[in-house]
Amino acid sequence: MRKRERENPCGVCGHYHKYEEGEVCGICGHRMPESAEKSPLHFSAFPSEILPEFLYLGSYDNASRSELLKTQGISRVLNTVPACQNLYKNSFTYHCLQDDKTLQFDDANQFLGQCEKDKARVLVHCMSGKNRSPAIVIAYLMKSKGWRLAQSYQWVKERRPAVDLTQAVYQQLQEYEQKIFGSADGNNPSVPVFPHAGVPSFSFGFPKVNDPVPVLVPAFNSIGTTSIFTRSLEIPPQEFQFGAGRPQHNLSESPFTVNPQNPNGGDIPMDS
């Protein structure tokens with residue numbers, strides 16, 4: 001038998017177990033897909049620090065690594081998924097939200113506010129750390145910092161790029177924003193998409209997908225544009241010269257006739 005190298009919770013039942021690639025969970029029979037096995041989220045054992053030395057955001061995998069959490073000084077855990085087990089009740093202070101559909105922002109903010117008052121570091125987590133737990137953190141920033149929804153979302157997104165809120169969860173945040181500030185921000189009707197900070201954009205001269213395609217109007221379709229041939233016909237023919245400053249010749253004389261008085265023979269100076 002090959003050596004078991006990785007440890008991660010089951011994506012369905014949350015049971016923490018060792019597995020090989022393709023191994024079936026011994027509790028619910030779920031097999032982790034290969035795409036999830038290679039996801040970069042599973043390679044980050046540390047949660048994302050949202051507020052320095054206080055608020056951390058992560059996944060159930062992060063919450064399952066007690067020794068790493070202790071090295072970061074985390075002593076309290078806010079579990080936003082009722083189905084996830086609280087694994088280390090003797091080592092951490094847990095608070096679990098009981099509703100799996102509607103996010104209980106006020107309940108979570110009361111617990112987080114007490115953690116901040118006690119100067120205790122706290123981890124907020126869901127199963128993957130992309131939807132439910134980021135929404136709780138965003139709601140806390142709106143309540144504690146007085147930031148609007150868009151600003152709070154951008155703050156969390158920059159510190160944890162994997163955040164991917166669903167439309168239903170974002171709508172709950174809009175309703176909570178309206179509850180706090182009296183009105184929702186009308187400039188952000190849907191889930192915003194913020195670019196990653198510090199990442200340059202390489203387009204190589206090609207327009208981006210969302211950029212409007214420029215329409216080039218040919219010059220000959222413009223009203224009032226005069227043809228170059230029309231302008232050249234307006235110049236009298238006698239004003240044309242084959243050389244600047246050269247004496248005018250008769251029309252019968254060839255412009256390429258060699259001057260017999262030139263001492264250099266065939267070396268004829270070229271006209272500039």
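In which loop is glycine 73 found?

A: Glycine 73 is found in the loop between helix H3 (66-71) and strand E5. Helices (H or I, at least four residues) and strands (E, at least two) are DSSP runs here, numbered from the N terminus. A word on the ground rules: this is a predicted model, where local features need pLDDT of at least 70, side-chain atom pairs count only at pLDDT 80 or more, and totals for chains, interfaces and linings use all residues. Residues are numbered from 1 along each chain as its sequence is written, and side-chain values use heavy atoms, leaving out hydrogens and water.

Back to the glycine: with a relative accessible area of 36%, Gly73 is partly exposed. On this scale buried means under 20% relative accessible area, exposed over 50%, and partly exposed in between (1.4 Å probe, protein chains only). Valine 122 lies 49 residues away from glycine 73 along the chain, yet their C-alpha atoms are separated by 8.8 Å.

Follow the chain into E5 (residues 74-79), and you'll see that E5 and E6 run parallel, joined by four bridges; two strands pair if DSSP finds at least two bridges between them. In this pairing, valine 77 stands opposite tyrosine 94 of E6.

Next up is helix H4 (residues 105-117), whose 13 residues reach 18 Å from first C-alpha to last, close to the 18 Å expected at 1.5 Å a residue. That expected span is 1.5 Å times one less than the number of residues. Its buried residues are Phe105, Ala108, Asn109, Phe111, Leu112 and Cys115. Looking down the H4 axis, these fall within an arc of 165°, so they line one face of the helix; the arc is that of the directions from the axis to the C-beta atoms. Gln110 and Lys117 are exposed on the other side of H4. Among the elements covering the buried residues of H4 are our two strands, E5 and E6, along with strand E7 (121-125) and helix H7 (167-181). Just past H4, lysine 119 takes a positive phi of about 55°.

Zooming out, the protein has eight helices and seven strands. Buried residues make up 33% of its 272 residues. Of the contacts (heavy atoms within 4.5 Å) with a separation of 6 or more, 56% are between residues 24 or more positions apart.
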